[in-house]
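Take a first walk through this structure.

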Amino acid sequence: MKKWTFSSQQLKQDPKYNSKLASKFINSLMWQGKKSVVQRIFYDAMDIVSKKVSDVPPIEVFETAVNNVKPLLEVRSKRIGGASYQVPMQVRPKRQQSLAFRWIIQSARDKKGKPMCDRLASELIDAYSKRGGAMTTRENIHKMAEANKAFAHFAW
C-alpha cells in the first residue's frame with residue numbers, strides 16, 4: 001500500500017537560495033508550467049533587489065516582504081436570518097502565505113511598461129519597506145475587518 005505524502009513534503013528547495021518559501025513563490029508565479037522562465041524572472045528580480053538593498057541579503061528581503069504582507073484578519077460573508085454579514089476572522093498561517101504571494105504577484109503584474117523581473121523586484125522592495133500595492137491590499141482588508149468588528153460574535 002502506497003503512503004501519500006503532502007505537497008509541502010514533496011516541495012524541493014530552490015537551487016540558488018535553498019529556500020522552500022522561494023520555491024513555493026516560484027510555483028505560484030508560474031504560468032502554463034513554464035518553470036524555467038519564472039525561475040529566471042525570480043532570480044533576476046532577486047539580483048535587482050540585492051543591488052538596490054545592499055545591506056541585507058536578497059532572500060531576507062524576500063522573506064521579510066512576504067511576512068509584512070501576510071494578513072492577520074479577513075472578512076468572510078456569513079448569512080444569518082436572511083441578511084449577510086461581513087464577519088472578521090483570523091487567517092490561518094497557510095492562507096496568510098498564499099494571500100501574501102497572490103497580492104505581491106498581482107501587484108507586480110498590474111504595473112505596466114517594464115519587464116516582469118523589474119516589476120517584481122520593485123514590489124518586493126516596496127513590501128519590504130511596508131508600502132506598495134500588496135501592502136495597500138493588506139491594509140484595506142484589515143480596515144474592513146476593523147469596521148465590521150461589531151459582527152465578530154457571529155464567527156463560527
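Helices (H or I, at least four residues) and strands (E, at least two) are DSSP runs, numbered from the N terminus. By that rule, the elements of the protein chain run α-α-α-α-β-β-α-α-α from the N terminus on. That comes to 7 helices and 2 strands. This is a predicted model, in which local features need pLDDT of at least 70 and side-chain atom pairs count only at pLDDT 80 or more, while totals for chains, interfaces and linings use all residues. Residues are numbered from 1 along each chain as its sequence is written, and side-chain values use heavy atoms, with hydrogens and water left out.

Now the overall dimensions. Along the principal axes, the C-alpha atoms of the protein chain fill a box of roughly 55 × 50 × 30 Å. Of its 156 residues, 41% are buried. Buried means under 20% relative accessible area, exposed means over 50%, and partly exposed lies in between (1.4 Å probe, protein chains only). Contact means heavy atoms within 4.5 Å. Among contacts between residues at least 6 apart in sequence, 60% join residues at least 24 apart.

Next, the interior. In soluble globular proteins, nonpolar side chains tend to be buried together. A nonpolar core is a set of buried Ala, Val, Leu, Ile, Met, Phe, Trp, Tyr and Cys residues joined through side-chain atoms within 4.5 Å. The largest one here has 40 residues, and Phe25, Phe42, Phe62 and Leu120 touch the most other members. At least two residues of this core come from each of α2 (20–29), α3 (35–52), α4 (58–69), α5 (93–110), α6 (116–128) and α7 (133–147). The largest share, 8 residues, is supplied by α3. Look at Phe62. Beyond residues up to four places away in sequence, Phe62 touches Leu21, Ala22, Phe25, Phe42, Met46, Phe101 and Leu124.

The axes of α4 and α5 cross at roughly 105° and come within 8 Å. Axes are lines fitted to C-alpha atoms, for helices over the stretch in contact, and angles run from 0 to 180 degrees between N-to-C directions. Angles under 35 degrees count as roughly parallel, over 145 as roughly antiparallel, 65 to 115 as roughly perpendicular and the rest as oblique. So α4 and α5 are roughly perpendicular to each other. Phe62, Ala65, Val66 and Val69 of α4 meet Ala100, Phe101, Trp103 and Ile104 of α5.

How do α5 and α7 pack? Their angle is about 130°, with the axes 8 Å apart. These two helices are therefore oblique to each other. Trp103, Ile104 and Ser107 of α5 make the contact with Gly133, Ala134, Thr137, Arg138 and Ile141 of α7.

Follow Ser107 in helix α5. Ser107 counts as buried because its relative accessibility is 12%. Leaving aside neighbours within four places in sequence, Ser107 is in contact with Glu123, Gly133 and Ala134. Tyr85 is 22 residues from Ser107 along the chain, and their C-alpha atoms are separated by 28 Å.

Finish in the loops. Most residues other than glycine have a negative phi. Asn18 is not a glycine, yet has a positive phi of about 50°. Asn18 lies in the loop between α1 (7–10) and α2. At 53% relative accessibility, Asn18 counts as exposed. Gln32 also has a positive phi, near 55°. Gln32 sits in the loop between α2 and α3, and is exposed, with a relative accessible area of 75%.
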